[in-house]
Amino acid sequence: MTATAAADRFAVAAALREIALLLEVKGGNPYRARAYQRGAAAVEALAGDLASLVAEDRLTQVPGIGAALAAQIAELHRTGRSSTLERLRAELPPGILDLIRVPGLSVDRVTALHRALGIRSVSELKAAAEAGRVREVKGFGEKIEKKILDGIAALAARGQTLLLNEADRAGEALQAWLAASPHALRVDVVGAARRRGETVEQIELAVAARDAEAVVDHFVGMPPVAAVVEREAGRARVRLADGIHASVEAVTLAEHVPTLVRLTGSPAHYAKLQARAEAQGLVLSERALTARRGRSTVALRDEAALYARLGLQYVPPELREDEGEIEAAAAGTLPTDLLEEADVRGLVHCHTHYSDGKHSVEEMARGAEEMGMKYITITDHSPTAHYAGGLTEDRLKRQWDDIARAQEKVKVRLLRGTESDILADGALDYPDRILEQLDVVIASIHNRYKMDEDEMTRRLVRAMRLPVFKVWGHALGRYVRTRPPIACRVEEVLDAAAASRVAVEINGEPRRLDMEPRWLRKARARGLRFVISTDAHSVRALQNFRYGVSMARRAGIRKGEVLNTLGPDAFLAAVRPAQ
Ligand SMILES: [Zn+2]
Ligand SMILES: [Zn+2]
């Protein structure tokens with residue numbers, strides 16, 4: 001029941017969001033579009049079962065859902081369709097949702113271009129702008145035409161790339177939708193999202209099905225599908241209304257394990273598996289592992305059985321990149337104690353409304369407690385980060401009082417900390433007498449990103465060598481999609497860190513994911529210890545630690561190498577700033 005309910009919920013919400021967007025494009029009463037947005041959020045957040053709310057006519061009891069919206073939701077729930085959505089799609093140019101994603105193109109401009117030139121898609125727009133026809137439309141001109149072309153180029157460069165958290169959200173919704181098909185036996189998200197890459201180009205799903213074509217029909221019939229890009233036997237690829245691409249492959253239950261392995265590993269990983277099969281007189285084909293002679297199919301209970309049949313240890317999805325994991329699995333040296341989410345016992349690197357966080361100390365603590373954590377470190381910004389509300393000594397001490405008060409109300413241990421700026425000369429932002437009174441110090445760079453490599457390396461080496469124990473926060477300052485890492489000689493800094501009192505942060509904020517796995521491996525090789533951090537600026541973002549765990553696993557980091565797998569006392573002893 002829960003799978004069906006969840007599918008309905010997400011699919012209904014997606015349709016409501018599309019209606020809101022199209023209403024906005026159409027113009028008219030702005031409150032109507034907003035009502036649909038609110039309705040979508042309310043449906044996504046429903047605690048109860050949508051089916052019974054609809055059946056018992058109780059939708060209007062949900063805050064944010066009025067009578068008109070309730071009727072729409074009931075229609076969507078019962079039929080999987082919405083007459084309002086279909087009318088809007090018919091009224092507006094089909095490519096409208098793509099067009100308004102072009103930077104510099106407002107809804108008004110899209111409408112004007114549609115009326116004047118009949119433009120319905122980004123490719124038509126591009127052709128018109130290149131032909132100089134856009135500048136002739138009233139209210140446009142040469143400058144805007146150029147801006148539109150730049151916007152199209154930027155959009156093409158960015159593509160549909162999703163951050164890992166966006167991919168997870170989309171993947172879960174699609175998985176729930178597919179699981180609701182009576183013909184689906186098992187649904188898995190595969191591809192880059194399962195390997196936990198920092199970015200994901202498209203959501204890929206593998207389904208074990210009673211009837212593969214019926215599952216593919218169910219997939220292409222989802223309300224959020226804007227276009228079916230490809231369809232062939234047992235497979236389909238679609239574009240959703242929000243621009244995300246998704247694909248499904250449906251096979252029989254007996255074919256599911258080889259399909260999972262093929263769709264999860266990188267092409268190079270999979271090619272090596274095929275070569276190993278070959279060497280053992282087997283054939284690993286698209287949907288089966290068979291004996292070369294006699295052609296009998298090897299029955300496979302799960303992926304571990306397939307790896308075992310090839311003489312390999314089980315390779316976790318995060319390691320299936322052909323970066324030496326197959327050789328290690330053959331030699332039996334693949335780690336069996338890779339970090340897992342359940343190993344993390346404390347949430348590190350959390351901001352509150354003292355600096356630029358959204359919630360209070362107590363709210364963050366309760367959030368951590370609800371997640372079953374044993375401790376949480378409160379680490380707001382230091383004075384130099386004034387734009388982020390960095391704390392003066394006075395305000396830091398006031399926060400200590402607040403922490404003490406919150407501690408009386410919760411069981412989770414509250415630790416006093418800071419995210420101290422690494423200043424331009426490599427010093428930290430508070431004097432030692434303050435740092436020594438803290439439980440944990442995260443040291444991060446927040447300004448002067450553009451120093452040259454020599455200067456930046458010197459700055460970081462100096463910071464690493466400070467006698468105070470510190471966690472090197474979001475080490476290279478990159479944003480996955482938008483900001484390159486700082487220029488420095490990373491290995492030289494890691495050498496200094498390894499010789500000093502430092503742990504390396506694995507920042508789980510999905511936009512950062514810093515350091516990235518290739519550098520984490522270098523840190524690990526030097527015997528450095530790690531901290532999985534949330535860099536949470538809200539209670540909800542405490543969940544970020546999961547993405548940190550994913551990066552750690554990709555880097556082959558073991559439970560015993562991560563300090564916040566320790567209990568509160570051992571963690572405190574390990575990170576105490578004073579010697
Ligand atoms: Zn920071
Ligand atoms: Zn931070």
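Before the first click, one term: a residue is buried when its relative accessible area is under 20%. Keep in mind, too, that this is a predicted model.

**Stop one: helix H13.** Select residues 253-264, which make up helix H13. How many of its twelve residues are buried? Nine are, so H13 is largely enclosed by the rest of the structure. To see them, colour His256, Val257, Pro258, Thr259, Leu260, Val261, Arg262, Leu263 and Thr264, the buried residues of H13.

**Stop two: the open sheet.** Next, bring up the five strands that form an open sheet in the order S2-S4-S7-S6-S5, with mixed pairing. At the edges sit strand S2 (184-190) and strand S5 (225-232), each pairing on one side only. Neighbouring strands of this sheet are turned by 20 degrees against each other on average, direction ignored.

Zoom in on strand S6 (residues 235-240) and strand S7 (residues 245-251), an antiparallel pair with five bridges. If you want one bridge to look at, pick Arg237, whose partner in S7 is Ser247. Strands of a sheet pair through backbone hydrogen bonds, so show the backbone here.

**Stop three: the zinc ions.** Select the zinc ion that is ligand 1. Which protein residues donate to it? They are Glu419 (OE), His446 (NE2) and His474 (NE2), lying 2.1 Å from the ion. Along the chain these donors follow the spacing E-x26-H-x27-H. Glu419 in strand S12 (residues 413-421) and His474 in the loop between S14 and H21 are 55 residues apart, so click on both to see distant parts of the chain linked.

Stay on Glu419 and show ligand 2: Glu419 bridges the two zinc ions, which lie 3.2 Å apart. Is Glu419 buried or exposed? At 0% relative accessibility, Glu419 counts as buried.

**Last stop: His474.** Look for His474 in the loop between strand S14 (470-472) and helix H21 (490-498). At 1% relative accessibility, His474 counts as buried too. Show its surroundings and you will find contacts including His349, Glu419, His446, Arg512 and Asp535.

Key. Residues numbered from 1 in each chain as written. Chains lettered and ligands numbered in written order. Predicted model: local features only at pLDDT ≥ 70, side-chain atom pairs only at ≥ 80, totals over all residues. Heavy atoms only, no water. Helix = DSSP H or I, 4+ residues; strand = E, 2+ residues; numbered from the N terminus. Expected span 1.5 Å × (residues − 1). Buried < 20%, exposed > 50% of the residue type's maximum accessible area, 1.4 Å probe, protein only. Contact = heavy atoms within 4.5 Å. Donors = N, O, S within 2.8 Å, 3.2 Å for Na, K, Ca; no water. Pairing = 2+ DSSP bridges. Axes fitted to C-alpha atoms, helices over the stretch in contact; angles between N-to-C directions. Lists of a residue's contacts leave out its neighbours within four places in sequence.
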